[in-house]
Amino acid sequence: MAIVALNKFLTIRHNLTTVNSGIYTCPVGVAGIIISAQIANVSTGTTTYLTTFSHFRPSNFVGVGGTFDLVKNAPIPVRDALNPILGRLTLETDDEIQVSANENGVLKLTMSVLETAKG
């Protein structure tokens, strides 16, 4: 059995596209805790772009599986940002965070995750 580090901090950066992309999947043996997430509109024009930030859980878990949108088509004005979660979000094994935008290359996500070993 592989030894899992007690705590591991990750910073995830992703350029959003129109394709709904899984940007983080919680690995086996840890709980993933999203500490913060911010999506910034870095365009140079005057257009407000839209983003969707979702939690996906496989259907093999007890309870309801599938995609749950935490924000859907949320507007982000130029030179502004959105924090799609308030507080913390805990992820179980195989839970995934998915993001998309209505335009390629104008929204950028920065997300901090703490992976902590399960006892």
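Visitor: Why is Asp69 called partly exposed?
Guide: The relative accessibility of Asp69 is 37%. Buried requires a value under 20% and exposed a value over 50%; Asp69 therefore counts as partly exposed. The model is a predicted one, and Asp69 lies in its strand β5.

Visitor: Which residues does Asp69 touch, leaving aside those up to four places away in sequence?
Guide: Asp69 touches Thr52, Phe53 and Ser54. A contact requires heavy atoms within 4.5 Å. For Asp69 and Phe53, the C-alpha atoms are 6.0 Å apart in space, while the two residues are 16 apart in sequence.

Visitor: Why is Arg79 called exposed?
Guide: Arg79 has a relative accessibility of 70%. The cut-off for exposed is over 50%, and Arg79 therefore counts as exposed. Arg79 is found in the loop between β5 and β6. Arg79, too, has a positive phi without being a glycine, at about 55 degrees.

Visitor: How many helices and strands does the chain have?
Guide: The chain has zero helices and nine strands. Read from the N terminus, the order of elements is β-β-β-β-β-β-β-β-β.

Visitor: Which other strands pair with β3, and over how many bridges?
Guide: Strand β7 (residues 89-91) pairs with β3 over three bridges in the antiparallel sense, and Gly32 stands opposite Leu91 in β7. Strand β6 (residues 81-82) also pairs with β3 in the antiparallel sense, over two bridges. The requirement is at least two bridges, so the pairing of β3 with β6 qualifies. Here Ile39 stands opposite Leu82 in β6.

Visitor: How do you know that the radius of gyration agrees with that of a compact globule?
Guide: A compact globule of 119 residues would have a radius of gyration near 14 Å. The chain has 15 Å, which agrees. Along the principal axes, its C-alpha atoms fill a box of roughly 50 × 30 × 20 Å.

Visitor: What share of the residues is buried, and what share of the contacts joins residues at least 24 apart?
Guide: Buried residues make up 39% of the 119 residues. Among contacts between residues at least 6 apart in sequence, 81% join residues at least 24 apart.

Visitor: What can be said of the surface and the charges?
Guide: The accessible surface of the chain is about 6,800 Å², and 54% of this belongs to carbon and sulfur atoms. The chain has 8 positive and 8 negative charges, whose mean positions are 6 Å apart.

Note on methods. Residues are numbered from 1 along each chain as its sequence is written. This is a predicted model: local features need pLDDT of at least 70, side-chain atom pairs count only at pLDDT 80 or more; totals for chains, interfaces and linings use all residues. Side-chain values use heavy atoms; hydrogens and water are left out. Helices (H or I, at least four residues) and strands (E, at least two) are DSSP runs, numbered from the N terminus. The radius of gyration is taken over C-alpha atoms; the globule rule is 2.2 Å times the number of residues to the power 0.38. Buried means under 20% relative accessible area, exposed over 50%, partly exposed in between (1.4 Å probe, protein chains only). Accessible areas come from the Shrake-Rupley method with a 1.4 Å probe; for residues, only the protein chains shown count as cover. Lys and Arg count as positive and Asp and Glu as negative; His and the chain ends are not counted. The place of a charge is taken as NZ of Lys, CZ of Arg, CG of Asp or CD of Glu.
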